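Thanks for sending this one over.

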Amino acid sequence: MSTVKDYLPDTDPLYDKVINALEDVRPYLQADGGDCQLVGITKDMVVDVKLLGACGSCPMSTLTLRAGVEQAIKKAIPDIARVESV
């Protein structure tokens, strides 16, 4: 049973801030053959991303998500609670 998440509208200014934070880590992901795509931001400040390419199947992707992507986003936007891979 899948639940539809209640994302903020993509016109919310938070989207630009998250995308800018992702742009900071994107070169590191791409250097390893991967990438990251913003899926949405929930009203309880959870950012959903999709790991692409090598990142999608890498056994270290959880570490990359927490130590790299999540830290970059939370540093740029302290209101973000966490980052999840979907």
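How many salt bridges does the structure hold? The count is 7 salt bridges, and please keep in mind that this is a predicted model.

1. Let's begin with D48 and K5. Their side chains meet in a salt bridge, with an N to O distance of 2.9 Å. D48 belongs to strand β2 (residues 46-53), while K5 sits in the segment before α1 (13-31), so this pair ties together parts that are 43 residues apart in sequence.

2. The surroundings of these two partners are worth a look as well. D48 is buried, at a relative accessible area of 0%. K5, on the other hand, is partly exposed, with 40% relative accessible area.

3. Next comes the pair of D35 and R26. Here the closest N and O atoms of the salt bridge are 2.7 Å apart. Are D35 and R26 buried or exposed? Both D35 and R26 are buried.

4. My next stop is helix α3 (residues 61-76), where R66 and E70 lie 4 residues apart, a separation of about one helical turn. R66 forms a salt bridge with E70, and the closest N and O atoms are 3.0 Å apart.

5. What is the accessibility of R66 and of E70? R66 is partly exposed, having a relative accessible area of 31%, whereas E70 is buried, with a value of 8%. Through salt bridges that share partners, R66, E70, R82 and E84 are joined into one network. If you inspect R66 and E70 on screen, do bring up R82 and E84 too, as the network includes them.

Conventions. Residues numbered from 1 in each chain as written. Predicted model: local features only at pLDDT ≥ 70, side-chain atom pairs only at ≥ 80, totals over all residues. Heavy atoms only, no water. Salt bridge = Lys/Arg side-chain N within 4 Å of Asp/Glu carboxyl O. Helix = DSSP H or I, 4+ residues; strand = E, 2+ residues; numbered from the N terminus. Buried < 20%, exposed > 50% of the residue type's maximum accessible area, 1.4 Å probe, protein only.
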